[in-house]
Amino acid sequence: MSLPAPVDLGLAALVLGLAGWVITTSATYRAAEGFVAYGLVLALVWVRLGSVDVALTEAALGSGLTGLLLLRAAARLPADDPAETTRPGPGVRVVAAVLCTAVAGALAAVVLLLPEPAPSLAPAVAANLSATGVGNPVTGVLLAFRAVDTLGESIVLVLALVGLWSLAPDDAWGGRPGFLRGPAAASPLRFLAQVLPPFGILVGIHLLWIGADHPGGKFQGATVLAAMWVLVLVAGLRQPPRVTSRPMRGLAVFGSLVFVGIGTAGAWLAGAFLAYPEGLAKPLILSIETALMLSVAVILGLLLAGPPEPDDAAGVRS
Amino acid sequence: MSDATLFGLCGAALVGLGLYGLICHPGALRKLLAFNLVGSGVFLLFGAVARRGAASGFGGDPVPQALVITGLVVAFAATALAVALVVRLAQAAGRTDLDPEPPARSEATPERPS
Amino acid sequence: MVSVQWLGGLFAGVTGLGSTLLLVPVMLPLAGLLLAIAFGGRHPRRIVLALLPLGLVAAVGIAAVVLEADAPLRYDLGGWAPPLGVTLQADGLSAVLLLVTSVVMLAVGLYAWPGFGVPPGSSETRTSFAFWTLLLGVWGGLNLVFLGQDLFTLYVALELLTFSAVPLVCLDGRADTLQAALRYLLFALLGSILYVLGTALLYGQFGTLDIGLLRDRLAAAGALPPAAIAAAALMTVGLLAKTALFPLHLWLPPAHAGAPPAASAILSALVVKASFVLIVRIWFDLMPALLTRSAAEVLGVLGAVAIVYGGALALGQARLKLLVAYSTLAQLGYLFLIFPLATSPAGNATGEVLTGGMLQLAAHACAKAAMFLAAGLIATSLGHDRIGELAGVGRALPLSVLAFGIAGLALVGIEPSGAYLAKTLLDGAAQASGQWGWGLVMQIGGLLTAAYLIRVFFHALSGFARPPALRARPARYQELLVLGLALCSLALGLLPPAYLAVVTVGRVAAAGGGLP
């Protein structure tokens, strides 16, 4: 039985330490800051686990965008929120600690008892990957073998957006999202927002393009694009679109519609819904990925931008 | 112990830590942070499973890796929706705890649809 | 059964769709959802009302094909078979659930037509846009839950459901419904993540997520490995949180009572059933060996507590919608009695017990939707739903009160209601296996249900001489629609046994049930 590499032990300790900080620190804002750092370390763990695809997603989405979301929310909470100061009594905490330790312990035991050799679909993926025309096995799984999950997930994103918008006050319908509005941005931020996006867009497209054969893909690319858009919005260079904007809505559902369309065509041309005709798999997968990247980027940006607020709300700049 | 086992155990511990936070923090945003810890613990455990399944020249079983990517995206969407709810609740009630009794302050209520 | 064969022949033969039919209930709502968002304005409502009848036709078709073929329908998505690919499958259970869903959905969609329109002079309103698109999301999510055969695809389906159900709770934007929605969301998210944890463990142990393959590999493994037991426990707890079984029920009453009536009807009648059905899938399809364990007793006890506790709390409610919501807690309890009852040591009661459980589910779905919709008509007309001030309503709104009453009777389980037949089947299984205690719980639950309904009628039927002034009068068609739903529940018990047999189509659990 070999020992794990010291770097792995260090990463594991760091992850647990940061997680402990997120749970135990008293101020919500600092907990959110801790969470961003935690996500970045976790991305390194994913690299160590041999999954650069997941590492990219974790860094961009799990740490970056989620962190931005939580930080902005923490900054908006009322200062006298009773939830900030009340804590359950020691009895509850002890019972909770015992319960959670038991759950973690049982899970740890199960992890140690998993069968050896481990079952794996890697050989099956390797044997069938050539039929999809893509070289990155994760892309093959996401867009061919388990395409229905990816389709479902893109619709989950759309639904989350509808749900988010539905939280708007009635008189705000037709207004612009308000989470990212703030006091006029400092000039360094405006400068960044002018300089960075062209590079960001190139990086996003690059991630999408290489994603067919190497780690990367639409989600990672979309996250970078969304981040660029959010930067522009936060810096106040552009206003987020109104929720009633037809082009914006069309763009948000475009990827899922293309996916459904190509999937439906597959029912006739390739014998099954979500199947690709022979020889056309790769171009079709790339088309879906491109369309989805655009839509996912728009949706991620809109999710960060929050529900619409009335036009006369404080903080609007012309 | 392999790196997969180490990070699998790490995932198990994260699930426990996150659950503790979910139970013990009254504030919704803190619960949400804790939920994200549980989520990342679960995904890490899934990652350990993927790593154990390394074969055919792949560094890990690509199927669970793909599932984790899907899961991360869904978790982000969930967080976005929940954060918006928390902020709205804070605007409407001035508090973000989830005590069953109705919140103290209430804003002017919009017309209810029938 | 000539008509059934004829219908089945029509759908299977004439259309030539066969198992492609399975795509319709999933893709119809989801594609409709995307189009509804893209077009916006007055279109979402039109799209929903155009698709709902098509969904009903597809559900009837699938049920007919499944019943006629006496075998499940399967469809490999993308042409990839499990374990690499994902399969949709309709067995008898799915067929019944699709049917119940499309009937309730259609009724609720028609009911909600006037309430969620876009007023003249406005191009789009928040509530109209959100309600109809979210309704499509709920519908697609439910159907995918019923047809999914892959544990992770089912997770995606559960999230489709969560993300569309939660915002429906707080459509009115008041602080208390926002809080109820947030509590619901956190419970649902915790439930989902525990569920995913279970799927991760199962994948680590068996290398597949397909329910059929997992069942085979579990059966071949003999004793349940620790990962499987942990997975079953985690997934069950997670799904219980979503189903709101005692003691994970706290989120349900304020959420279901605070939503607009049409949304409450969907949430109470259908959404909580989706996670219940997944528990059934895990215990009956995936790991039938669990059913021979005392774990099934635990679920039964929780169900029994829910029946008594939910009933007692319903009795004490001051508001009609809260009463109906607490009644849901109690009625969900009945569903969980099927777990201990199916462990009958005498032998094979699984078929009867499941049939009883599904009948109870269908009867409750129709009755509870009717009760929420009727309560909504009463509340909108009066401007309040305080039970103590319902005097004269029986005279002012006779049809609404009648619909509420018939739905209530169907819930109590008078002959020939679906609930009556369900309880007869379950009671029979309890007697046959000597588990008379569960029968007693059902009797107590019935008495409690009768008690809280009598309390409502005591008020609603008093003060006949002085009917209250109404703020608005509900549309006659809405009242008739609700009455129709209530009558559906009442008449379910009249279904000929040949139709009921559809529930057990595709059940192979009997073979696995013999495991030690």
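The sections below describe a predicted model, beginning with chain C and ending with a helix of chain A.

## Overall form of chain C

Chain C contains 22 helices and two strands. Its radius of gyration is 22 Å, close to the 24 Å that the globule rule gives for 516 residues, so chain C is as compact as a globular protein of that length. Taken along the principal axes, the box filled by its C-alpha atoms is roughly 70 × 55 × 50 Å.

Of the 516 residues in chain C, 67% are buried. Among the contacts of chain C with a separation of 6 or more, 80% are between residues 24 or more positions apart.

## The side of chain C that touches chain B

On this side, 31 residues of chain C are in contact with 36 residues of chain B. The elements of chain C that give two or more residues to it are α6 (151–169), α7 (175–206) and α15 (350–382), and α7(C) gives the most, with 17 residues. By residue class, the side of chain C that touches chain B divides into 19 nonpolar, seven polar and five charged residues.

## Helix α2 of chain A

Helix α2 of chain A (residues 28–48) has 21 residues and, at 1.5 Å a residue, should span 30 Å, which agrees with the 30 Å between its end C-alpha atoms. The helix is followed by A:Gly50, whose phi is positive, near 80°.

The buried residues of α2(A) include A:Phe35, A:Tyr38, A:Leu42 and A:Trp46. What covers the buried residues of α2(A) includes α1 (6–24), α3 (52–76) and α4 (82–85) of chain A, together with α1 (3–24) and α2 (28–52) of chain B.

Definitions and conventions. Residues numbered from 1 in each chain as written. Chains lettered and ligands numbered in written order. Predicted model: local features only at pLDDT ≥ 70, side-chain atom pairs only at ≥ 80, totals over all residues. Helix = DSSP H or I, 4+ residues; strand = E, 2+ residues; numbered from the N terminus. Rg over C-alpha atoms; globule rule 2.2 N^0.38 Å. Buried ≥ 20, exposed ≤ 12 C-beta atoms within 10 Å, placed from the backbone. Contact = placed C-beta atoms within 7 Å. Nonpolar A, V, L, I, M, F, W, Y, C, P; charged D, E, K, R; others polar. Expected span 1.5 Å × (residues − 1).
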